[in-house]
Amino acid sequence: MKDVMILTGAGQIGMAIARRMGYGKKIVVGDKNMENAQTIAKIMNEAGFDTVPMEMDLSSRESIMNLVAEAQKYGEVSMLVNAAGVSPSQAPIEAILKVDLYGTAVLLEEVGKIIKEGGVGVTISSQSGWRMPALTAEEDELLAVTPAEELLKLPLLQPENIRDTLHAYQMAKRCNEKRVMAEAVKWGKRGARINAIAPGIVVTPLAIDEFNGPRGDFYKNMFKNCPAGRPGTADEIANVAELLMSDKGAFITGSTFLIDGGATASYFYGPLKPAK
């Protein structure tokens with residue numbers, strides 16, 4: 001029996017983090033597309049890791065619970081890397097809320113029930129949630145602590161209150177960060193930690209879809225006019241995850257780390273600031 005890492009989302013960011021932190025562990029890779037999970041598992045196994053693929057739908061509590069149960073067959077779950085999700089150009093409003101908002105809430109909740117003492121988790125959020133206008137304290141609390149099965153019934157998440165897929169995505173990512181804060185309290189009772197990382201534009205297949213999608217010019221302008229002057233890489237996100245998931249991050253929990261090349265700073269105080 002080994003310590004187990006659960007990796008959801010068979011993409012470049014998740015794999016980069018798993019390669020930093022998953023050595024010596026059993027890594028269970030869950031993805032809605034089994035072919036993607038198998039591809040990542042093959043790459044990692046051929047690099048010396050111990051990885052098994054599994055089909056997993058983040059929008060389904062049953063599917064998430066099946067993934068957790070499968071992971072427990074190999075040992076105690078000591079790490080969670082949640083990099084699953086859909087983007088504003090990939091899915092309609094309903095799917096974004098069901099996967100990125102509801103699904104993440106369920107995953108953090110279910111893993112939090114069984115995480116090993118001393119365990120750690122990271123979930124991938126997005127810079128996008130930082131550009132949305134502030135919610136009220138009451139709305140933030142509702143996103144943080146409403147039972148997962150009731151989240152999608154909240155008034156602020158109803159269709160008449162969601163403008164478009166980008167707004168849905170921003171709401172989902174704001175919810176992710178509030179859930180991490182609330183879940184950190186619960187995880188702490190088990191001696192475990194959970195944090196979020198909010199990347200900016202990182203070159204991945206998902207991001208390339210965005211570059212070539214209807215909002216492509218928006219994203220290209222964003223990384224051109226951010227202080228870094230470029231998009232990021234998955235390994236740069238893994239640098240932050242490595243700190244958060246290692247003993248060096250032992251005093252860090254319930255936090256979200258923005259790593260976006262300064263795009264958010266430019267949005268508020270630089271050339272990316274929207275015209276009034």
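A residue counts as buried when its relative accessible area is under 20%, as exposed when that area is over 50%, and as partly exposed in between. With that in hand, welcome to this predicted model.

**Aromatic pairs**

Let's begin with the rings. The structure holds four aromatic pairs. In one of them, Phe211 and Phe223 have ring planes at 65 degrees, so the pair is edge-to-face. This pair links distant parts of the chain, with Phe211 in helix H8 (residues 205–211) and Phe223 in helix H9 (residues 216–224), twelve residues apart. Phe223 has a relative accessible area of 19%, so this residue is buried. Phe211 is buried too, at 13%.

Another pair joins Tyr267 and Phe268, whose planes stand at 90 degrees, so they are also edge-to-face. Tyr267 is partly exposed at 23% relative accessibility, and Phe268 is partly exposed at 34%.

| Pair | Distance between ring centres | Angle between planes |
|---|---|---|
| Phe211 and Phe223 | 5.7 Å | 65 degrees |
| Tyr267 and Phe268 | 5.3 Å | 90 degrees |

Tyr267 and Phe268 form one aromatic cluster together with Tyr269.

**A buried lysine**

Now to Lys25, found in the loop between helix H1 (12–21) and strand S2 (26–31). Lys25 is buried but has no salt bridge, and Asp3, the nearest side chain of opposite charge, is 5.7 Å away. A polar atom of the Lys25 side chain lies 3.5 Å from the backbone oxygen of Met21. Leaving aside residues up to four places away in sequence, Lys25 touches Lys2, Asp3, Met5, Asp50, Ser78 and Met79.

Notes: Residues numbered from 1 in each chain as written. Predicted model: local features only at pLDDT ≥ 70, side-chain atom pairs only at ≥ 80, totals over all residues. Heavy atoms only, no water. Helix = DSSP H or I, 4+ residues; strand = E, 2+ residues; numbered from the N terminus. Buried < 20%, exposed > 50% of the residue type's maximum accessible area, 1.4 Å probe, protein only. Lys, Arg positive; Asp, Glu negative; His and termini not counted. Salt bridge = Lys/Arg side-chain N within 4 Å of Asp/Glu carboxyl O. Polar contact = N/O pair within 3.5 Å; in protein donor to acceptor, adjacent residues only side chain to side chain. Contact = heavy atoms within 4.5 Å. Phe/Tyr/Trp six-rings, centres within 6.5 Å; stacked < 30°, edge-to-face > 60°.
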